[in-house]
Amino acid sequence: MMLLITAFIINGSLALIAILLHYEALFQLDKLLPRFAHIPPRFRVLVGVGAIFMAHVIEIWLFALGYFFTLQFPVMGGLVGNLSGHGVLLDCAYLSFVTFTTLGYGEIVAQGYLRYLTGVEALTGFILITWSASFLFIEMQKYWTVYKSNQTT
């Protein structure tokens, strides 16, 4: 029972930190994009895409470090499958990228209590990716509309 509680605390903490990081990234981006007056409005969307991409990479590495940390306690579980041989951290990063994006190739699989983190990460990644898409859609509406109206005048 104690291992389950530990897994719950680790998983919940990682998801909460990723959500807060994402919130802050989008909040700062929303304040920053209008200040790029020297950049054509439609290219501000590209700045947004780049910043959001980097936010997702940081969030994915956060989960990868969570896997790596949890693997330091064998009683919590392990990774099985087609491990790269380039080190456990890179295997954790690969698993995290595949899980966060909900691809789920299945060549590396978490076992034991560690497997619950993959579910939490997949749900968190799905939510954050759709949140990013919504944010970018709104930004595109703002800046592409401005760009089109400036072209017609």
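**Entry 1: the largest pocket.** I began with the largest pocket of this predicted model, and I noted that H3, S2 and H4 each supply at least two residues of its lining. The largest share of that lining, 4 residues, comes from H3. I read the space in this pocket as about 150 Å³, and of the 13 residues that line it, those closest to its centre are Leu 95, Thr 99, Gly 106, Ile 108 and Val 109. When I sorted the lining by class, I found 7 nonpolar, 4 polar and 2 charged residues.

**Entry 2: helix H3.** I then looked up H3 itself, which runs over residues 88–100 and has 13 residues. From its first C-alpha to its last it reaches 18 Å, close to the 18 Å expected at 1.5 Å a residue. Its buried residues are Asp 91, Cys 92, Ala 93, Leu 95, Ser 96, Val 98, Thr 99 and Phe 100. After the helix I came to Thr 102, whose phi is positive, near 60°.

**Entry 3: the nonpolar cores.** Which residues have the most contacts inside the largest nonpolar core? I found Phe 63, Tyr 67, Leu 79 and Leu 114, in a core of 19 residues. The elements that give two or more residues to this core are helix H1 (2–32), helix H2 (41–71), H3, strand S2 (108–112) and helix H4 (115–152), and H2 gives the most, with 6 residues.

**Entry 4: helix H1.** I turned to H1, which has 31 residues and reaches 45 Å from its first C-alpha to its last, close to the 45 Å expected at 1.5 Å a residue. Its buried residues include Ala 7, Ile 10, Asn 11, Leu 14 and Leu 26. I kept in mind that an α-helix has 3.6 residues a turn, so residues three or four places apart point the same way.

**Entry 5: the cavity.** How many cavities of 30 Å³ or more are there? I counted 1, and the largest cavity has a volume of about 30 Å³. The residues lining it are Ala 7, Ile 10, Asn 11, Thr 70, Met 76, Tyr 113, Leu 114 and Leu 117. H1 provides the largest share of this lining, 3 residues, and by class the lining divides into 6 nonpolar, 2 polar and no charged residues.

Methods:
Residues are numbered from 1 along each chain as its sequence is written. This is a predicted model: local features need pLDDT of at least 70, side-chain atom pairs count only at pLDDT 80 or more; totals for chains, interfaces and linings use all residues. Side-chain values use heavy atoms; hydrogens and water are left out. The expected span of a helix is 1.5 Å times one less than its number of residues. Buried means under 20% relative accessible area, exposed over 50%, partly exposed in between (1.4 Å probe, protein chains only). A nonpolar core is a set of buried Ala, Val, Leu, Ile, Met, Phe, Trp, Tyr and Cys residues joined through side-chain atoms within 4.5 Å. On a 1 Å grid over the protein atoms alone, a cavity is a set of points where a 1.4 Å probe fits but cannot get out, and a pocket is an open set with protein on both sides within 12 Å along at least five of seven lines; lining residues have an atom within 4 Å of a point. Grid points are joined across faces, edges and corners, and a volume is the space filled by probe spheres set on the points. Ala, Val, Leu, Ile, Met, Phe, Trp, Tyr, Cys and Pro count as nonpolar, Asp, Glu, Lys and Arg as charged, and the others, Gly among them, as polar.
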